[in-house]
Amino acid sequence: MTEQIQRGRLIVFEGIDGAGKTTQIELLSKYLTSVGRRVYRTAEPTESVTGGLLRDALGGVSRRTACEMAALFVLDRIFHNVNPVNGIEKMLADGVDVICDRYYYSSMAYQGSETDSTWVKEMNLNCPEIRRPDICIFLDLTPKQSMERINRGRVTHEIYENEEKLEQVRRKFYGVFEDLKDRDRIEVVDAFRTVEQIHEDIVGRIQTL
Ligand code: TYD
C-alpha cells in the first residue's frame, strides 16, 4: 500500500509596502524547514509573462487602468495556482508548504480601492482555480512607519508607495478582513516590534494550523 502524502499548507503574507514581509517569510521558511517540513517560497506578481506586464505597470514603464490591473492580477494568480511545473496546487499535493508573498487580499485592497471592489472580490473568490489560503498573516504597520522603512532601504518607488495611498490601502485591507472573517483565516500581526518578537508571534499562530 502506498503511503498517502499529507497535503502542504498555503500560507500567505500580506501587508502594506515596507511591512517587513521578506524578512519574516525568510525566517518562517527556515523555521518550518528546521522542523522537517518542505517549503516552497513564492510571490505575486509571479515570474510569468503576465507577471512581467504587471511589474512594468507597477514600475510606471507602461500605463494600465485599474480594471486592467485587476484582471491581469487574476490571470497571473490562476497561472500561479495551476502551473503544472511549480504551481501552488502541485506543490501542496506533493506535501510541500507554500509561503506566498501577497495574494488575492492585495488585489482586493489595492485594485479594490481604485475600481469596483465587488467585481474585484468576486473575480478572485469565485474563481475555481484560485485556492483559498489555509492562513493569511497580515503584517500590520502604520503608513508612517512603513514609509520610514521604505525610504531607508530603497531609491526607487513603485506607484503605490506614498503615505496617503498606503493609508487608503491599509484601511481597505481592514475592510477586506472584516468582510472575509467568516470565510478565511486571517491573523493580524503587529509588525512594529523586533524581528524576533514578530517571528515568534507568527510561529505561534502557524502552530495552531
Ligand atoms: P513588490 O515590490 O513586488 O512586492 P512588495 O512591495 O510586497 O515587496 O510589489 C508588489 C506590488 O504589487 C505592491 O505594491 C502591491 C501590488 N499588488 C497589487 O496591487 N495587487 C495584487 O493583487 C498584488 C498581488 C500586488
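In helix H7 (residues 143-153), the buried residues are Pro143, Gln145, Ser146, Met147 and Ile150. Buried means under 20% relative accessible area, with a 1.4 Å probe and protein chains only. Helices are DSSP runs of H or I, at least four residues, and strands are runs of E, at least two, numbered from the N terminus.

The model is predicted: local features need pLDDT of at least 70, side-chain atom pairs count only at pLDDT 80 or more, and totals for chains, interfaces and linings use all residues. Residues are numbered from 1 along each chain as its sequence is written, and side-chain values use heavy atoms, without hydrogens and water.

**Exercise 1.** Find the helix against which the buried residues of H7 pack.

*Solution.* 
- Start from the buried set, which includes Met147 and Ile150.
- Recall the helix rule: an α-helix has 3.6 residues a turn, so residues three or four places apart point the same way.
- Look for contacts, meaning heavy atoms within 4.5 Å.
- The partner is helix H8 (163-180).

**Exercise 2.** Describe the shell around the ligand.

*Solution.* 
- Sort by class: four are nonpolar, three polar and seven charged.
- Assign helices: H3 (66-82) and H5 (104-110) each supply at least two residues. H5 gives the most, with three.
- Check polar atoms. A polar side-chain atom of Ser107 lies 2.5 Å from a ligand oxygen. For Asp17, a side-chain N or O atom is 2.9 Å from an oxygen of the ligand. For Gln111, such an atom is 2.8 Å from a ligand nitrogen.
- Finish with cover: the protein hides 87% of the 540 Å² of accessible area (Shrake-Rupley method, 1.4 Å probe) that the ligand has on its own.

**Exercise 3.** Classify two aromatic pairs, Tyr103 with Tyr104 and Phe138 with Phe173.

*Solution.* 
- Set the rule: rings of Phe, Tyr and Trp (its six-membered ring) pair if their centres lie within 6.5 Å; planes under 30 degrees apart are stacked, over 60 edge-to-face, the rest tilted.
- The whole structure holds eight such pairs.
- Tyr103 and Tyr104 have centres 5.0 Å apart and planes at 40°, so this pair is tilted. Both residues are buried.
- Phe138 and Phe173 are also tilted, at 4.9 Å and 50°.
- Phe138 is in strand S4 (residues 135-140) and Phe173 in helix H8, so the pair ties together parts 35 residues apart in sequence.
- Phe138 is buried at 0% relative accessibility. Phe173 is buried too, with 0%.

Terms used. Buried means under 20% relative accessible area, exposed over 50%, partly exposed in between (1.4 Å probe, protein chains only). A residue is near a molecule or strand if one of its heavy atoms lies within 4 Å of it. A polar contact is a pair of N or O atoms within 3.5 Å; within protein, one must be able to donate a hydrogen and the other to accept it, and residues adjacent in sequence count only if both atoms are side-chain atoms. Ala, Val, Leu, Ile, Met, Phe, Trp, Tyr, Cys and Pro count as nonpolar, Asp, Glu, Lys and Arg as charged, and the others, Gly among them, as polar.
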